[in-house]
Amino acid sequence: MDIFRYDGHLTDEALAALVTGESLDETARLEMAEHLAFCDLCLQRYTDALTGTELLTPEHSCRESLLRRIRARAARLFLNRYATAAAAVALALTMLWGSAGVTLPERIPLPEDRPTVSDGLRKWNESLDSAMSGLNDFFDGLGQWTPSAQGGN
Ligand SMILES: [Zn+2]
């Protein structure tokens, strides 16, 4: 069994023998250990062979499923957003059409004896006239007052 390839790295058979623990002579083991001490490429190959985690190629690309999921999510977002808007519009139209049957009275009827502004002004003028006449009567009475008329003794 050849331990080294033509380019100086370990052969696959040698790495497999090292991993499986096949019987190798002591010189081959030393040479392989010495090579693994400085060669990063062979060390990586040896580590991958030990863990059994060589890079695997996926059976099918995840690109298609990702695009499908993105499209489904976008459609769901679109549906949620416009379903809410449609519900709001439907509610507004229902309220609008529902209120069309209700008619408000044109004019609220007022009681007949409700005072108007002109009535208030007239009453205010009348009370002002009576106050002025009362004030005139007071001053007239004041002019007729004399100290002799008040005496009495
Ligand atoms: Zn190597």
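**Entry 1: the α1–α3 contact.** I listed the residues where the two helices meet. From α1 come Leu15, Ala16, Leu18 and Val19, and from α3 come Arg45, Tyr46, Ala49 and Leu50. By class, the residues of this contact are 7 nonpolar, no polar and 1 charged. I keep in mind that this is a predicted model.

**Entry 2: the geometry.** Two packed helices are described by the angle between their axes and the distance between the axes. I looked up both. Helix α1 covers residues 12-20 and helix α3 covers residues 40-51. Their axes lie 10 Å apart, at an angle of about 45°. That angle is why I note α1 as oblique to α3. The crossing of α1 past α3 is right-handed.

**Entry 3: the core.** Which residues form the largest nonpolar core? I found 6 residues: Leu10, Ala14, Leu15, Leu18, Met32 and Cys42. Helix α1 supplies the largest share of this core, 3 residues.

**Entry 4: Leu10.** I picked this core member and asked what Leu10 touches, not counting residues up to four places away in sequence. The contacts are Ile3, Phe4, Leu15, Met32, His35 and Cys42. Of these, Leu15, Met32 and Cys42 are listed in the core with Leu10.

**Entry 5: Leu36.** Next I went to helix α2, residues 26-38, where Leu36 lies. Is Leu36 buried, exposed or partly exposed? I noted 17 C-beta neighbours inside 10 Å, so Leu36 counts as partly exposed. Burial would need 20 or more. Leaving out residues up to four places away in sequence, Leu36 touches Cys42, Leu43 and Tyr46. Cys42 is on the contact list of Leu10 too.

**Entry 6: Leu36 against Leu10.** How far apart are these two leucines in sequence and in space? I get 26 residues along the sequence. From C-alpha to C-alpha, I get 8.7 Å.

**Entry 7: the whole chain.** I count 6 helices and 0 strands. From the N terminus on, the order reads α-α-α-α-α-α. Of the 153 residues in the chain, 4% are buried.

Note on methods. Residues numbered from 1 in each chain as written. Predicted model: local features only at pLDDT ≥ 70, side-chain atom pairs only at ≥ 80, totals over all residues. Axes fitted to C-alpha atoms, helices over the stretch in contact; angles between N-to-C directions. Helix = DSSP H or I, 4+ residues; strand = E, 2+ residues; numbered from the N terminus. Parallel < 35°, antiparallel > 145°, perpendicular 65-115°, else oblique. Left-handed = near helix turned anticlockwise from the far one by under 90°. Contact = placed C-beta atoms within 7 Å. Nonpolar A, V, L, I, M, F, W, Y, C, P; charged D, E, K, R; others polar. Core = buried A, V, L, I, M, F, W, Y, C linked by C-beta atoms within 7 Å. Buried ≥ 20, exposed ≤ 12 C-beta atoms within 10 Å, placed from the backbone.
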